[in-house]
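Subject: Structure handover

Hi,

Here is the structure I promised to pass on. Please open it beside this email and follow along.

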Number of protein chains: 2
Amino acid sequence: MKKLINDANAVLEESLDGFAAAHTDILLLGAGRKFVRRRTLKQGKVALISGGGSGHEPLHAGYVGLGMLDAACPGQVFTSPTPDQMIEAAEAVDTGAGVLFIVKNYEGDLMNFTMAAEMAGREVASVVTNDDVAVESSTYTTGRRGVAGTLIVEKMVGAAAETGMPIAALKSLGDEVNRRTRSMGVALLPCTVPAAGRPNFTLADNEMEMGVGIHGEPGRRRVPLASADAIAEELVGAILKDLAPKQGSEVLLLVNGFGATPMIELYLMVNSAKRILDGAAITTTRFLTGSYVTALDMAGASVTVSVLDAQAKSLWDAPVHTAALRWGA
Amino acid sequence: MKKLINDANAVLEESLDGFAAAHTDILLLGAGRKFVRRRTLKQGKVALISGGGSGHEPLHAGYVGLGMLDAACPGQVFTSPTPDQMIEAAEAVDTGAGVLFIVKNYEGDLMNFTMAAEMAGREVASVVTNDDVAVESSTYTTGRRGVAGTLIVEKMVGAAAETGMPIAALKSLGDEVNRRTRSMGVALLPCTVPAAGRPNFTLADNEMEMGVGIHGEPGRRRVPLASADAIAEELVGAILKDLAPKQGSEVLLLVNGFGATPMIELYLMVNSAKRILDGAAITTTRFLTGSYVTALDMAGASVTVSVLDAQAKSLWDAPVHTAALRWGA
């Protein structure tokens, strides 16, 4: 294992300390590093809280700030945060308008967020994301996995929350954005959980995992390495088949790196994916390209397509000021 | 070689096409893909042009836009752009106030930018960056290499250019920012140039290259893998020894990933580096963390420290709207 770390069991803590030090203008680290919260809260705004296992940085703490989350609860690497983290985060950021949890569909996360909602002693609603079309159920999920599309839900619901939208409407909006959003990914090289010290799966020199999850869990099948165009064809094809957007639809295209894939390859994938969308008479009017929802040091990428209407565009374009996503502010 | 590509010889072209498609609001691709330029020029502003071999994305094209560059000329991977690229870029973006080249100190780049300056038929000045303290001369350089500190020069000079600063003052400013800025990096895993198809150097399982260049060229020495704290100690130590900032100085800390190193490790390095700066009575008041000046899919990171005064802080904080760096706009 070759990583820039000190103690394999202190990676999360030391990384969070660096993160908090680098972004003191935006956020604060909660006591015991149980959560990351916005430095300045907006009274009367519904509080948005997400979280999940670490190793997907910048998800979720990188999306805490104006126009997105109020708090994020980081579990240990690839391990759900515990209910007390979400309960304490809710206590810290709820200004009276209630709390909306945004939860990726994994059994551990669902269980712990549900327990937190029951025990929080305040109004809590939840949006569960499940945008990954690769497999119907998986190692850690019943039903589809929540992956990179989650950040689109966080951005759009976050923007709506800033306008004062009440909790029930925010939950409906989040569910609707999730329904309009689909993802699928491919791994070229596995990832290594620091505490384990070795890759969590193996791939031969000429193999890739098509439909991989963001913890390296299996996808649809293991196949010989293919061209970017062929990969994009399969990823975008699977997404469009499931999403069935109307011809002439406008979409947001997110090409997301898993952690060890450089921008030169990600933009090449943008080129391949856009060409396929163009060919299907789908117009890509918003782009996001980069390593936004990662799997530690896994090489590979995912493609996410989210169907846009006027409201979605306006929510996407609204100001955001977080560590990982920033514009208009 | 496992990469998201189609033809190893068309990587740059296809990646540039994806890049241009994703950022049509900011920029345009010049004819023959010879340069990337700002969509909207500001009349009477000195035009800033940079460029260099590709494979360092988002450098330089990702820094084209308001508050940074007017154009960037991408050479083939790890190969200098040719003089005609800079000449045509200058023709496209010079609005009459002259052109400032920002050039990383590599022999090929220097030769081609110098030739372009002589042949451009317009007023041209140049800033040459050489922030890498690792080695005095190297595979492709006489004198020190220009590395991640280049983006700090581009940001600060770019902000000054927006205020209407004339070309001679911009050149002085660029030289001064370069003098206040030092970097050093470490590689944990090598990188692979697509057209070569295999890693451009080898490292044993327990080795790292201390002081590596951004093309994988040798640094100070090859040593056993060490902890993040020990690595930070050596990188920051070498930088501070050379930079010799006054106690109580304010600095910008850039922890830069080389392409295959995830954010969880980079923020951990921020924590280590900041602790060392704190111990030296140097106050870190600006942070930038991410993969900003890469070496394809090399794993590892560099640390850059830039001494700040009131002007430098104001230039750093000024609005910027590029593909890779954006705030206040």
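In which loop of chain A is Leu296(A) found? Leu296(A) sits in the loop between strand 11 (283–290) and strand 12 (299–308) of chain A. Keep in mind that this is a predicted model.

Start with that residue. Leu296(A) is not a glycine, yet its phi is positive, near 50 degrees. Most residues other than glycine have a negative phi. Leu296(A) is also buried, with a relative accessible area of 2%.

Now look at chain B. Leu296(B) is in the loop between strand 11 and strand 12 of chain B. Its phi is positive too, about 55 degrees, and Leu296(B) is not a glycine either. Leu296(B) counts as buried, at 1% relative accessibility.

Next, the peptide bonds. Most peptide bonds are trans. Glu57(B) and Pro58(B) are joined by a cis one, with omega about 10 degrees. Another cis bond joins Leu59(B) and His60(B), where omega is about -10 degrees. Pro58(B) lies in the loop between strand 3 (47–54) and strand 4 (71–77) of chain B. His60(B) lies in the loop between strand 3 and strand 4 of chain B as well.

Then step back to chain A as a whole. Chain A has eight helices and 14 strands. Its radius of gyration is 19 Å, close to the 20 Å that the globule rule gives for 329 residues, so chain A is as compact as a globular protein of that length. The C-alpha trace of chain A spans about 50 × 50 × 35 Å along its principal axes. Of the 329 residues in chain A, 64% are buried. Among contacts in chain A with a separation of 6 or more, 73% are between residues 24 or more positions apart.

Last, the interface. Here 57 residues of chain B are in contact with 57 residues of chain A. The two chains bury about 4,400 Å² between them, 65% of it on carbon and sulfur atoms. Lys2(B), Leu4(B) and Ile264(B) supply 21% of the area that chain B buries against chain A, more than any other three residues.

What about polar links? Between chain B and chain A there are 22 residue pairs in polar contact. Helix 7 of chain B gives the most to the side that touches chain A, with 10 residues. That side of chain B divides into 31 nonpolar, 14 polar and 12 charged residues. The rule finds one salt bridge across the interface. Lys3(B) forms a salt bridge with Glu265(A), with the closest N and O atoms 4.0 Å apart.

Best wishes

Definitions and conventions. Residues numbered from 1 in each chain as written. Chains lettered and ligands numbered in written order. Predicted model: local features only at pLDDT ≥ 70, side-chain atom pairs only at ≥ 80, totals over all residues. Heavy atoms only, no water. Contact = heavy atoms within 4.5 Å. Buried area = accessible area lost by both parts, 1.4 Å probe. Salt bridge = Lys/Arg side-chain N within 4 Å of Asp/Glu carboxyl O. Polar contact = N/O pair within 3.5 Å; in protein donor to acceptor, adjacent residues only side chain to side chain. Helix = DSSP H or I, 4+ residues; strand = E, 2+ residues; numbered from the N terminus. Nonpolar A, V, L, I, M, F, W, Y, C, P; charged D, E, K, R; others polar. Rg over C-alpha atoms; globule rule 2.2 N^0.38 Å. Buried < 20%, exposed > 50% of the residue type's maximum accessible area, 1.4 Å probe, protein only.
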